[in-house]
Amino acid sequence: MKAAKPILVVEDDRSMRWLLQKQLEKLDYESDAASNGQEAVLKLTKAPYRLIIMDISMPVMDGLEATRRIRAREQENNLPRTPIVAVTGASEREDCMLAGVDDFYEIPLSIDDMRQILRRWLAER
C-alpha cells in the first residue's frame, strides 16, 4: 500500500535511521529521511508528509524544537496537522507531549511497534 505522501524519519543516528526506513519499506511504505530537526523543518516547507517519526535527542535542532516549529508553521499557514510520533527514552514523554507530539514510543522500536504506529495514525488517512 504505497502512500501518496511518504513518511518522514528524523533521526541523527545513521544505523537507527536505516533500521526505521527498512521497517517502513518492509511494511510497504515509502519514506524520506532527515538527520536533525532543522532538516526536517526545511523538508516540510517543500513537501507534505503523512507522518513524522521523530527522534528527540539530536544535534543542530532537537526533536522538541522541531515539533514546536512544525506546529507553529501549521497554525500560521492553516495547514492540516501532520501526526508526529516521538521515538525516544521514557523520561522525555511529558516534554514531548507539551511540544505537540501526538504519540510516543520508546526505543528500541520493533517492527510490531512500527506496524502499530502505522495502523493507529494512517488507517483513516
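**Exercise 1. Determine which residues of α5 are exposed and which are buried, and decide how the buried ones are arranged.**

*Solution.* 
Step 1. In this predicted model, Asp112 and Arg119 are the exposed residues on one side of α5.
Step 2. Buried residues of α5 are Met114, Ile117, Leu118, Trp121 and Leu122.

**Exercise 2. Check the span of α5 against 1.5 Å a residue.**

*Solution.* 
Step 1. Helix α5 covers residues 111-122, which is 12 residues.
Step 2. The expected span is 1.5 Å times one less than the number of residues, and for α5 this should be 16 Å.

**Exercise 3. Carry out the analysis for α1: its span, its buried residues and its exposed residues.**

*Solution.* 
Step 1. The 13 residues of α1 should span 18 Å, and its end C-alpha atoms are 18 Å apart, which agrees.
Step 2. Arg17, Leu20, Gln23 and Leu24 are buried in α1.
Step 3. Down the axis of α1, these buried residues fall within an arc of 125°, so they line one face of the helix.
Step 4. Arg14, Ser15, Trp18 and Lys26 are exposed on the face turned away from the buried side of α1.
Step 5. The cover over the buried residues of α1 includes β1, β2 (31-34), β3 and α5.
Step 6. After α1 comes Asp28, which has a positive phi near 70°.

**Exercise 4. State where Val60 and Asn78 lie, and whether each is buried or exposed.**

*Solution.* 
Step 1. Most residues other than glycine have a negative phi.
Step 2. Val60, although not a glycine, has a positive phi of about 70°. Its place is the loop between β3 and α3.
Step 3. Exposed means over 50% relative accessible area; with 65%, Val60 is therefore exposed.
Step 4. Asn78 is not a glycine either, yet its phi is positive, about 50°. Asn78 belongs to the loop between α3 and β4.
Step 5. The relative accessibility of Asn78 is 72%, so this residue counts as exposed.

**Exercise 5. Describe the largest pocket and its lining.**

*Solution.* 
Step 1. The volume of the largest pocket is about 300 Å³.
Step 2. Its lining consists of 15 residues, of which Lys5, Pro48, Tyr49, Pro80 and Thr82 are the closest to the centre.
Step 3. By class, the lining has 8 nonpolar, 1 polar and 6 charged residues.
Step 4. Helix α3 (residues 63-76) gives the most to this lining, with 3 residues.

Notes
Residues are numbered from 1 along each chain as its sequence is written. This is a predicted model: local features need pLDDT of at least 70, side-chain atom pairs count only at pLDDT 80 or more; totals for chains, interfaces and linings use all residues. Side-chain values use heavy atoms; hydrogens and water are left out. On a 1 Å grid over the protein atoms alone, a cavity is a set of points where a 1.4 Å probe fits but cannot get out, and a pocket is an open set with protein on both sides within 12 Å along at least five of seven lines; lining residues have an atom within 4 Å of a point. Grid points are joined across faces, edges and corners, and a volume is the space filled by probe spheres set on the points. Helices (H or I, at least four residues) and strands (E, at least two) are DSSP runs, numbered from the N terminus. Ala, Val, Leu, Ile, Met, Phe, Trp, Tyr, Cys and Pro count as nonpolar, Asp, Glu, Lys and Arg as charged, and the others, Gly among them, as polar. Buried means under 20% relative accessible area, exposed over 50%, partly exposed in between (1.4 Å probe, protein chains only). The arc is that of the directions from the helix axis to the C-beta atoms. Contact means heavy atoms within 4.5 Å.
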